Amino acid sequence: MPLTPSQLKIILLGSDLVSDAQFKTAQAAASEKQVPLVEFLPQSGLISDEHLGQLIANYFHSRFVRLERERIASDVLNIVPESFARAKGLIPISRGEAGVSMATASPDDVVLKSLLEKYLRAQVTFVYATPSDLHNHMFLFRKDPKTEFERILEIRKKGGAKASSSIVELVKIIIDNAYQGGSSDIHVEPEDEYTMIRYRTDGILHDVVKLPISVHEGVITRLKVLSRLATDEHRTSQDGKLTFVNDYGEEVEIRLSIVPTTHNEKAVMRLLSDKSRRYNLEDLGFSPEDLKNFHEAIERPWGMILVTGPTGSGKTTTLYSALKVLNKREVNITTIEDPVEYDIEGVNQIQVNEKTGLTFAKGLRSVVRQDPDVVMVGEIRDKETAGVAVNAAMTGHLVLSTLHTNDAATAFPRLSDMEIEDFLIASTVNVIVAQRLVRKICTKCIHSYVFTDVEKKLMEQNPTVGKYLKEISGKDEFEKIRLFKGKGCQVCHDSGYSGRSGVYEVLMVSDAIRAVVMERKNADVIRTLAMSEGMTTMLHDGLRKVVAGETTLEEILRVTRE
């Protein structure tokens, strides 16, 4: 049965990690947000999901498991129906002569245990997994998308009543398979003789299936209907939004873009999954020192915090995670975004609308008259927005925003190019975070190996990389350094990667850096000074993750390109 608040209180206070006052505050906040306390505690940053899970498992005298570290065979998953597993919140993880082991958040549920033993005719052992871990791994039950598509196309060929609804089911499967697989985008691309369905997973586009060109128009029309777009308009681009709900009641907000091409209309869907909202700053991949510095910066009452990087580098996720820390009842937070990606309870969010004249700059001018404590500007694109943002930071507001620059130090000359006075830049900017996203090695098929000849040649071409690797690993020869990669398995679609993590450089603006900014020194001078004060570059941070077995060397070289 689910843990009661009184049981959680006993567990947490007994660990001396949480005080009675902290527990009561968290309990009240969870109640207000109508979120189960056991799920809210890790979200609030009070305790990590894994640490809480271990404490609860000890309380139940059960084994604690992290599902990402378990190797679960597909035939083991199939011993219980998917609908039953989802309804009861459990995942089978192993089967042997001693019986069946199942992960659940209710290891004391004797009624469920008895029911399963009668159904399976085997002894069942419950192990503890946190509710969020169970929810995030229900994708393991997903079916092969190609098989599902073939089934729908076969129904369509046969004709009859079911064929008329085949497009509806086809679109549903396209979206649900992408959502269950953790994809961020779906591409529906027309060619001469077929339509290609592609998913962007962990930042990389993958071909999923070729559909007959005969279904293309039906798929596009169905998407237009769901997004309330004009179905008879084929000559211009259209943008829309829809909410998809799967068979298990999980919702995903989708941004749809349709553009005409030489073949037909192409559709791209961005999945704004609720899973992305659950990230805390602690989950993003910051090193302990960088995390400490970033926390210090966002806790200051005024000034500017900038996150830089190319499109798709996770800047918005970092800012949203910072807002989660700042989001308290006594703080007025207002954002102006284009578009608003996620609704945040307790935060006033404004959508940019160029057609009505609501630009970043005009919206920001209105926002500062709304008595805000914290302002988030989705992006500083022009000198007008930059000027208003800097003035807001100067007048006692904490301003969070993003810039498109390659690294942290380049943000200073970028602001200067926008005609912001150097003394204003120096006095308002508190911290600049530059980041990229790298794919993490799949924990189900990870293995280690020694340097190959190809990688040794790479080190000759990139001496800085070789130097950092030796420093971080403490080895004087490449042959002594062990690297890691994934072999490829069902869970990671044979890619060897599963999930993503950030690599960062966090530039804290010290008095010395303010002085060189005032002197209009270039980015190289600022970067060198910041490194002398302890800043680690994205390359260095990424190579720490390589040595720790979190990602691969080729992945770091791909995203940093130094």
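Q: How many bridges join strand E10 to strand E15?
A: Five bridges, and E10 (residues 303–308) and E15 (residues 429–441) run parallel. Strands are DSSP runs of E with at least two residues, helices are runs of H or I with at least four, and both are numbered from the N terminus. Two strands pair if DSSP finds at least two bridges between them.

Q: What can I rely on here?
A: This is a predicted model, where local features need pLDDT of at least 70 and side-chain atom pairs count only at pLDDT 80 or more, while totals for chains, interfaces and linings use all residues. Residues are numbered from 1 along each chain as its sequence is written, and side-chain values use heavy atoms, leaving out hydrogens and water.

Q: Which residue in E15 stands opposite Ile305?
A: Val431 does.

Q: What order do the strands of the open sheet take?
A: The seven strands go E12-E11-E13-E14-E10-E15-E18, with mixed pairing. E12 (348–351) and E18 (497–508) are at the edges with a single partner strand each, so one side of each has no neighbour in the sheet.

Q: New topic: is Asp49 buried or exposed?
A: Asp49 counts as buried because its relative accessibility is 16%; buried means under 20% relative accessible area, exposed over 50%, and partly exposed in between (1.4 Å probe, protein chains only).

Q: And where is Asp49?
A: Asp49 is in helix H4.

Q: Which side chain does Asp49 join by a polar contact of 2.8 Å?
A: That of Thr130. Another polar contact, of 3.0 Å, links the side chains of Asp49 and Ser132. A polar contact is a pair of N or O atoms within 3.5 Å; within protein, one must be able to donate a hydrogen and the other to accept it, and residues adjacent in sequence count only if both atoms are side-chain atoms.
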